[in-house]
Amino acid sequence: MAEFIPPTLGSETIFMIGSFEVRNTLITSVLTLIVLISIGLVVRRRKYAMVPGGSQNFVEFLIETLFNFFNTVVRDEKKTARFFPIVATIFLFVLVSNWMGLLPGFGSVGMWAEHEGHHVLIPYLRSTFSDVNMTFALSLVAVTSIQIMGFSMLGFKGYGGKFFINPFKNFVGSFVGILELFGEVSKMISFSFRLYGNVFAGEVLLLVISFLVPLIAPLPFYGLEIFVGFIQALVFSFLTLVFLTVATTSHEQH
């Protein structure tokens with residue numbers, strides 16, 4: 001019986017551009033961007049019609065649904081409109097990346113190489129967020145956006161005052177501010193491993209089921225992974241929105 005070898009925890013290098021390593025998850029992320037940009041250009045090229053057609057109808061429905069959903073959290077249309085570009089972009093990028101990782105050829109087409117004494121398949125394409133480096137990069141974008149929004153909407157004193165409090169005037173508040181500062185940094189870690197753990201676990205699950213019972217048995221699990229991919233995109237964007245809302249709310253408003 002053939003030996004089952006689980007996927008590596010990190011991505012694999014496919015080729016080099018000088019000293020720069022081009023990894024399979026990076027290739028998938030670029031393909032995801034190409035898909036999203038292509039859809040945007042197609043919709044833009046058809047221009048805005050007063051009586052929308054099929055594609056415009058779908059895009060308007062998607063944008064309106066996301067905006068209304070996000071607004072139920074923020075409860076302020078001006079704020080929602082300001083947060084919407086970054087949060088919606090994160091949602092669509094994670095969603096398309098997760099679903100692309102389920103397409104035929106992802107994780108199964110590649111080249112054979114020696115790895116830790118085993119002859120393993122290095123896939124040319126792999127789900128973007130099955131690499132913790134990719135999830136950390138997205139988390140860094142999300143957390144940086146939160147800080148920028150906080151400073152831009154509350155000012156340095158209003159936002160920075162949450163973290164830096166004079167200990168001689170309010171020792172407990174100063175200690176709590178330091179804890180909140182560490183909390184902002186820890187968001188990157190929690191964001192990263194939440195998304196990475198779910199995507200990588202799904203990748204391993206599909207490989208195990210395909211190895212044990214090929215062809216028909218994996219189909220229900222593909223349906224499950226489609227749902228999980230959507231939920232993960234929703235959770236990541238939803239948490240980003242919640243943290244954006246909290247970061248731009250002053251202590252008085254709390």
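1. A salt bridge here is a side-chain nitrogen of Lys or Arg within 4 Å of a carboxyl oxygen of Asp or Glu. Glu21 and Arg23 form one through their side chains, with an N to O distance of 2.9 Å. The model is predicted.

2. Both partners of this bridge are partly exposed. Glu21 has a relative accessibility of 35%, so it counts as partly exposed. Arg23 is at 29%, and therefore counts as partly exposed.

3. How many salt bridges does a search of the whole structure find? It finds two. Besides Glu21 and Arg23, the side chains of Glu12 and Arg126 meet, at 3.1 Å from N to O. This pair links distant parts of the chain, 114 residues apart. Glu12 sits in the segment before strand E1 (13–17). Arg126 lies in the loop between strand E4 (118–123) and helix H4 (132–160).

4. Are Glu12 and Arg126 buried or exposed? Glu12 is buried, because its relative accessible area is 10% and the cut-off for buried is under 20%. Arg126 has 2% relative accessibility, so it too counts as buried.

5. Now the surface. Val172, Phe175, Val176 and Leu179 make a nonpolar patch of about 380 Å². Leu179, one of these residues, belongs to helix H5, which covers residues 171–212.

Terms used
Residues are numbered from 1 along each chain as its sequence is written. This is a predicted model: local features need pLDDT of at least 70, side-chain atom pairs count only at pLDDT 80 or more; totals for chains, interfaces and linings use all residues. Side-chain values use heavy atoms; hydrogens and water are left out. Patches are made of residues with over 30% relative accessible area and no salt bridge: like charges are joined within 9 Å, nonpolar side chains (Val, Leu, Ile, Met, Phe, Trp, Tyr) within 5 Å. Accessible areas come from the Shrake-Rupley method with a 1.4 Å probe; for residues, only the protein chains shown count as cover. Helices (H or I, at least four residues) and strands (E, at least two) are DSSP runs, numbered from the N terminus. Buried means under 20% relative accessible area, exposed over 50%, partly exposed in between (1.4 Å probe, protein chains only).
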